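The following note sets out several points for a colleague who is examining the coordinates.

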Amino acid sequence: MATEVLMPALSPTMEEGTLAKWLVKEGDTVKSGQIIAEIETDKATMEFEAVDEGTVGKILVAEGTAGVKVNTPIAVLVEEGESVSDAPAPAAVAVAASAAEVPATVAAAPSAPSPAPAPAEVRGWPHTDLPPGATKTMTVREALREAMAEEMRADPTVFLMGEEVGEYQGAYKISQGLLDEFGAKRVVDTPITEMGFAGIATGASWGGLKPIVEFMTFNFAMQAIDHIINSAAKTLYMSGGQMGSPMVFRGPNGAAARVGAQHSQDYAAWYAAIPGLRVCMPYTAADAKGLLKSAIRDPNPVVFLENEILYGRSFEVPVDGDFVVPFGKASILRPGTDVTVVSFGIGCSHAMAAAEDLAKEGISAEVINLRTLRPIDYDTVLASVMKTNRCVTVEEGFPVGSIGDHLASTIMQRAFDYLDAPVVTCTGKDVPMPYAANLEKFALITPAEVVTAVKSVCYR
Amino acid sequence: MAKKPDARPNVSKDELLKFYREMLLIRRFEEKAGQLYGMGLIGGFCHLYIGQEAVVVGLEAASKEGDKRVTSYRDHGHMLACGMDAKGVMAELTGRIGGYSKGKGGSMHMFSKEKHFYGGHGIVGAQVPLGAGLAFADKYLGNDNVTFTYFGDGAANQGQVYETYNMAELWDLPVVFVIENNQYAMGTSMKRATKSVTLFGRGEAYGIPGEQVDGMDVLAVKAAGEKAVAHCRAGKGPYILEMMTYRYRGHSMSDPAKYRTREEVEKIKTEKDCIEHVRDLLTQGGLASDEELKAIDKEIKAIVNDAAEFAKDSPEPPNAELWTDIYA
């Protein structure tokens, strides 16, 4: 019986990949464990081993093909005496079905928000998604890399430090190519010692440098949180203004996919609680590039919370090399009149998907992307709530002490008379992140939950 | 009975007088701080350096302009030894606007960019990677500065110390790790905290050379400091100095020090005191008269009294200071 070889998922967030190279050709005999192909994922180029034995009957996807969905048949192995025609026809449905099975990450790819009629009062840049001018399409990953490279070219005291940032080219390929351009002095591979290198980077910031510390994930930064808060955030105050910590702590934050409780926490609300820190949480590639450039130039310690699922998503980014996104300026991703939906980071994709569904039911949602959580652009949120009289917040983090809680209390104190309904906060569930696919989906916030929340505040 | 001084043919009178003056300043300053604490003028935690003066004074003598220092919360001595103004330090202790941090840092959190003093840190062991980071910056910038990173025998058991050792040696950072082994981590004696016989020896696992030094002997401290600094400036990476020292007072002002006997403390005070040691070298060597030393005593007393007066008279920070210096 012929066996189909399927495009493998080689990372928790991989949805598709490039079939970089075949190491076997039709007619070759393969043994199980033999490396038969090289596959480029969103993170690295991986060797792909055969599981079954047999003869390569047919290669279905030529080498060099990009965007091959996970689970697409890429070759057929036949047993001795068989021919390819014995294999089931590689159905096109396999591609579609596999895409549908991938969790929420593809469900709401809002790279191009559907154009909505712009109300008269829409404010200009920086409260829009993009400034006027030419743009190019790039992924969040490319945007982050470009921001670092540009700032490192401009300022020789900027350097990158972290686990696997150099020779490995970045655990998530954010720093790919930087070692080649800037050398080992400025792209510093560290041992796996988060507390130690976070402290060293903080000391280096006092000594005249501008470190960018990459945490492989912010979950590991819990080992280093004493230096982020006690050493970096508080020193300017404790020294009476003599010395601050011009540095960036960056890395993926929040849930990826199926990596369990210790690798899936969203720290937005924790860091946003700390005076002395700036906290950024970009959604689009333009946010990522513009905010990271602002963060590197800022004289204060910046916690920069990225998202692994967003890394591979494409958005428009201004081509202007001087493009930055200022801190404390929320963007209005989608103007609306009936309800204000406030989010940040990947929450924006759920908010935008919900807004799309709500529009079909005649509810016009204004979606605000906060971009930075310290400072928070209260003015934009309050102005919107005063217009719509209703508010729903959307985030991935735990419910207790969430950003949504803080916004709800601020709105209550400053716009109480404008509210026609209580503010509803949509968050992740109050549980450690489960591993099981169904439970994980249940634990995370979904567009459907946002839709339900919006309807409840609209009394519909 | 004072220990009989060794012959020190290479030490000048001027240098001995300098050591005497600097150590005495720290001692009198700390005594005054203890007094002001008792009067309620200094609040919170206040960790006195009395007994350990030879460590910072000897090491400062081995430093040059541009070298940096960072330490824990027992930091008053380090600040005075690197030339920070006694008035500014004392006014910080009393929480006044004239203090180094405008009253917002307190005893444990003081800094002077001008004197390359980078704190004053309240989290045990945190200053160790921070100090290595200062050295990282100097190496990156290509100068020959060295960072003195001080920590105690208590901090020496923190994990981040060893993370730092590993990276400091891996990257050849110009940092002198100075372990001030005063033999008590708050109330826990070293032998109740570790089976290691020495603390400097732990550097061996990372390839960092080090040695144990009589931290009550300012001349021995300076000599060891010069050796360590030469190692760092030659680009050979970090060096560890384990200074065997002793604090006469409790861990902080609120510590009755019941974990050790009065006899133990008295024995060190009479046999090993670092200031008496230099005084003996000066007088028994015929280098200085009692009158000369008395004049210095008087001069130091005046500096400390002025600092105390300044610290009492300096106003409290205005309320508006609550909201400044959070962001640059």
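**Notes on the predicted model**

1. Strand S12 of chain A (residues 210–214) is largely enclosed by the rest of the structure, because 5 of its 5 residues are buried. The model under discussion is a predicted one. Burial in S12(A) applies to both faces: Lys210(A), Ile212(A) and Glu214(A) are buried on one side, and Pro211(A) and Val213(A) are buried on the other.

2. Which strands pair with S12(A)? Strand S10 of chain A (residues 158–162) runs parallel to S12(A) and is joined to it by 5 bridges. Within this pairing, Val158(A) has Lys210(A) as its bridge partner. Strand S13 of chain A (residues 248–252) also runs parallel to S12(A), here with 3 bridges.

3. A separate element of chain A is an open sheet of 4 strands, arranged in the order S5-S4-S2-S7 with antiparallel pairing. Its edges are strand S5 (45–49) and strand S7 (65–69), each of which pairs on one side only. From one strand to the next, the twist averages 40°. Strand S2 (residues 16–22) and strand S4 (residues 35–40) of chain A are antiparallel and share 4 bridges. Across this pair, Glu40(A) in S4(A) lies opposite Thr18(A).

4. Two packed helices are described by the angle between their axes and the distance between the axes. For helix H9 (residues 347–360) and helix H13 (residues 447–457) of chain A, the angle is about 55° and the axes are 8 Å apart. H9(A) is therefore oblique to H13(A). Their crossing is right-handed. H9(A) contributes His350(A), Ala351(A), Ala353(A), Ala354(A), Asp357(A) and Leu358(A) to the contact, while H13(A) contributes Pro447(A), Val450(A), Val451(A) and Val454(A). By class, these residues comprise 8 nonpolar, 1 polar and 1 charged.

5. In chain B, the axes of helix H1 (residues 13–38) and helix H11 (residues 290–313) come within 9 Å and cross at roughly 40°. This angle makes H1(B) oblique to H11(B). The handedness of the crossing of H1(B) and H11(B) is right-handed. On the H1(B) side, the contact is made by Tyr20(B), Arg21(B), Leu24(B), Leu25(B), Arg28(B), Phe29(B), Lys32(B) and Leu36(B). The residues from H11(B) are Ile296(B), Asp297(B), Ile300(B), Lys301(B), Ile303(B), Val304(B), Ala307(B) and Ala308(B). The contact of H1(B) with H11(B) has 11 nonpolar and 5 charged residues, with no polar ones.

6. How many residues does each chain supply to the contact between chains A and B? Chain A provides 34 residues and chain B provides 32 residues. On the side of chain B that touches chain A, helix H5 (127–141) and helix H6 (159–170) each supply at least two residues. H5(B) gives the most to that side, with 11 residues. The composition of the side of chain B that touches chain A is 17 nonpolar, 9 polar and 6 charged residues.

Definitions and conventions:
Residues are numbered from 1 along each chain as its sequence is written. Chains are lettered from A and ligands numbered from 1 in the order in which they are written. This is a predicted model: local features need pLDDT of at least 70, side-chain atom pairs count only at pLDDT 80 or more; totals for chains, interfaces and linings use all residues. Two residues are in contact if their C-beta atoms, placed from the backbone, lie within 7 Å. Ala, Val, Leu, Ile, Met, Phe, Trp, Tyr, Cys and Pro count as nonpolar, Asp, Glu, Lys and Arg as charged, and the others, Gly among them, as polar. A residue is buried if 20 or more other C-beta atoms lie within 10 Å of its own, exposed if 12 or fewer, and partly exposed in between; C-beta atoms are placed from the backbone. Two strands pair if DSSP finds at least two bridges between them. Axes are lines fitted to C-alpha atoms, for helices over the stretch in contact, and angles run from 0 to 180 degrees between N-to-C directions. Angles under 35 degrees count as roughly parallel, over 145 as roughly antiparallel, 65 to 115 as roughly perpendicular and the rest as oblique. A crossing is left-handed if the near helix is turned anticlockwise from the far one by less than a right angle, and right-handed if clockwise.
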